[in-house]
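This briefing covers a metal site, a helix pair and a loop residue. Look at the model before reading the points below.

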Amino acid sequence: MNRKIADLMEAMIAYDKGDVRRIQHFLKVHDLAVTIGTLEGLPENELFILEAAAILHDIGIHKSEEKYHSSAGKYQEIEGPGEAETLLANLGSFTTGQINRIKYLIAHHHTYGNIQEQDYQILVEADFLVNLYEDGSSKETVTKVLQNIFRTEAGIRLLKAMYNI
Ligand SMILES: [Fe+2]
């Protein structure tokens, strides 16, 4: 992990202060996203953006709960990008292009209908690898997610190994 990502990790842990469950969630999603991205041979610049997006992907949850009394994915997608932009701008080590892509990924990470790019696909897969466990999903659900969502070879291998399907 490079210094910019470590600084972002520290800033996001501070943002989620005291919310250990959510902190541990994004740590896992980040680790799995880096693992899949590396196994899939993602270029370094894309891996960097993917790492940042994985750390920040659920940043909209607190605002969603405040504003809409819901943590539903669609509200997170609305509230997340603005929160992420503020945090990234404060760190000062991300370019406008990087920030825009990270915001896009946050704004779409619960939308599965038309995923074209690899960074987006990998973020979604990493989040599912963690959420299926945290939600206590059945084997039937895991199998459906494998068929309907997973596309990368590395992600498919990890899902099958983790959930023994
Ligand atoms: Fe998540």
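Histidine 57 and aspartate 58 are both buried, where buried means under 20% relative accessible area, exposed over 50%, and partly exposed in between (1.4 Å probe, protein chains only). The model is predicted: local features need pLDDT of at least 70, side-chain atom pairs count only at pLDDT 80 or more, and totals for chains, interfaces and linings use all residues. Residues are numbered from 1 along each chain as its sequence is written, and side-chain values use heavy atoms, with hydrogens and water left out.

**Iron site**
- The iron ion has His25 (NE2), His57 (NE2), Asp58 (OD) and Asp127 (OD) as protein donors, 2.2 to 2.3 Å away; donors are N, O and S atoms within 2.8 Å of the metal (3.2 Å for Na, K and Ca), and water is not among the atoms, so sites may look incomplete.
- Along the chain, these donors have the spacing H-x31-H-D-x68-D.

**Helices H8 and H9**
- Helix H8 (residues 139–148) packs on helix H9 (residues 153–163) at about 170 degrees, and the axes are 11 Å apart; axes are lines fitted to C-alpha atoms over the stretch in contact, with angles from 0 to 180 degrees between N-to-C directions.
- Helices are DSSP runs (H or I, at least four residues), numbered from the N terminus.

**Arginine 151**
- Arginine 151 sits in the loop between H8 and H9 and counts as exposed because its relative accessibility is 52%.
- The C-alpha atoms of arginine 151 and leucine 27 are separated by 22 Å, at 124 residues apart along the chain.

Technical notes
Helices (H or I, at least four residues) and strands (E, at least two) are DSSP runs, numbered from the N terminus.
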